[in-house]
Amino acid sequence: MRHIATQGIAVGLFTNGNASIPALFTAHTDSITGLNCSDNNELNGSSPATVPSQSACTTLSSLLSLSLNAGDVGAQKPSMVPFIAMSQLTNIPPYRILYVGDNFVHDVVAAKQANIHAAYLCRTPSMPSHHGHDVKPDIELTSLDPTEFDTKLQAYINTRNLLCS
């Protein structure tokens with residue numbers, strides 16, 4: 001997310017849960033995600049740490065332009081309501097938003113129904129990406145590796161003029 005935010009692109013998160021997203025990344029241990037953001041864990045390039053440090057969690061929260069949960073908008077995905085709320089609250093038209101999600105129906109199908117571009121994070125590439133739906137994601141990712149994401153996003157932007165010049 002840091003890489004995307006440094007490109008001048010607004011970054012937001014939506015969860016079907018009821019957790020406060022900023023609080024999620026500053027709590028010591030979140031019971032839903034298992035994130036442990038204690039001060040004694042260091043997260044750096046050479047560290048084998050598997051949990052983010054307090055500073056890493058705070059930084060992640062600070063990168064967000066928008067954070068919403070189902071309670072904030074009164075609906076869960078796959079309803080279009082969260083997607084429309086994201087558009088309205090950021091004042092960005094739906095067709096200028098790219099939503100990245102790992103649940104085909106809740107993320108891709110719902111985003112496309114709201115006229116939002118959808119990237120599908122399919123960590124199991126052997127599974128069919130369409131899952132029996134006529135809807136197809138705009139971008140298919142196998143990881144959130146910045147190189148893969150940048151390459152596929154740039155190719156999509158070049159063909160669709162997703163961002164302003």
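This is a predicted model: local features need pLDDT of at least 70, side-chain atom pairs count only at pLDDT 80 or more; totals for chains, interfaces and linings use all residues.
The protein chain has 165 residues, and buried residues make up 34% of them. Its secondary structure consists of seven helices and five strands. Read from the N terminus on, these elements follow the order α-β-α-α-β-α-α-β-α-β-β-α. The accessible surface amounts to about 9,400 Å², and carbon and sulfur atoms account for 53% of this area. Consider also the contacts between residues at least 6 apart in sequence: 43% of these join residues at least 24 apart.

Three strands build an open sheet in the order 3-4-5, with parallel pairing. Which strands stand at the edges? They are strand 3 and strand 5 (139–141); each has a single partner strand, so one side of each is left without a neighbour in the sheet. On average, neighbouring strands of this sheet are turned by 20° against each other, with direction ignored. Strand 3 and strand 4 are joined by four bridges in the parallel sense. Within this region, L98 stands opposite H117 of strand 4.

Helix 6 lies across strand 3 and strand 4, and its direction makes an angle of about 165° with strand 4. The N-terminal end of helix 6 is capped by N103, which has a side-chain oxygen 3.1 Å from the backbone nitrogen of V105. After helix 6 comes N115, with a positive phi near 65°. The buried residues of helix 6 are F104, D107, V108, V109, A110 and A111. Helix 5, strand 3 and strand 4 are among the elements that cover these buried residues.

Now the aromatic rings. A pair of aromatic rings is described by the distance of the centres and the angle of the planes. Rings count as a pair if their centres lie within 6.5 Å, and planes over 60 degrees apart count as edge-to-face. By this rule there are two aromatic pairs. In one of them, the ring centres of F83 and Y99 are 4.9 Å apart and the planes stand at 75°, so the pair is edge-to-face. Are F83 and Y99 buried or exposed? F83 has a relative accessible area of 0%, so F83 is buried. Y99 has a relative accessibility of 11% and therefore also counts as buried.

The text now returns to Y120. F104 and Y120 form an edge-to-face aromatic pair, with 5.2 Å from centre to centre and 85° between the planes. Here too, distant parts of the chain are linked: F104 is in helix 6 (residues 104–113), Y120 is in strand 4 (residues 117–121), and the two are 16 residues apart. F104 is buried because its relative accessible area is 4%.

Notes. Residues are numbered from 1 along each chain as its sequence is written. Side-chain values use heavy atoms; hydrogens and water are left out. Rings of Phe, Tyr and Trp (its six-membered ring) pair if their centres lie within 6.5 Å; planes under 30 degrees apart count as stacked, over 60 as edge-to-face and the rest as tilted. Buried means under 20% relative accessible area, exposed over 50%, partly exposed in between (1.4 Å probe, protein chains only). Contact means heavy atoms within 4.5 Å. Accessible areas come from the Shrake-Rupley method with a 1.4 Å probe; for residues, only the protein chains shown count as cover. Two strands pair if DSSP finds at least two bridges between them. Axes are lines fitted to C-alpha atoms, for helices over the stretch in contact, and angles run from 0 to 180 degrees between N-to-C directions. A polar contact is a pair of N or O atoms within 3.5 Å; within protein, one must be able to donate a hydrogen and the other to accept it, and residues adjacent in sequence count only if both atoms are side-chain atoms.
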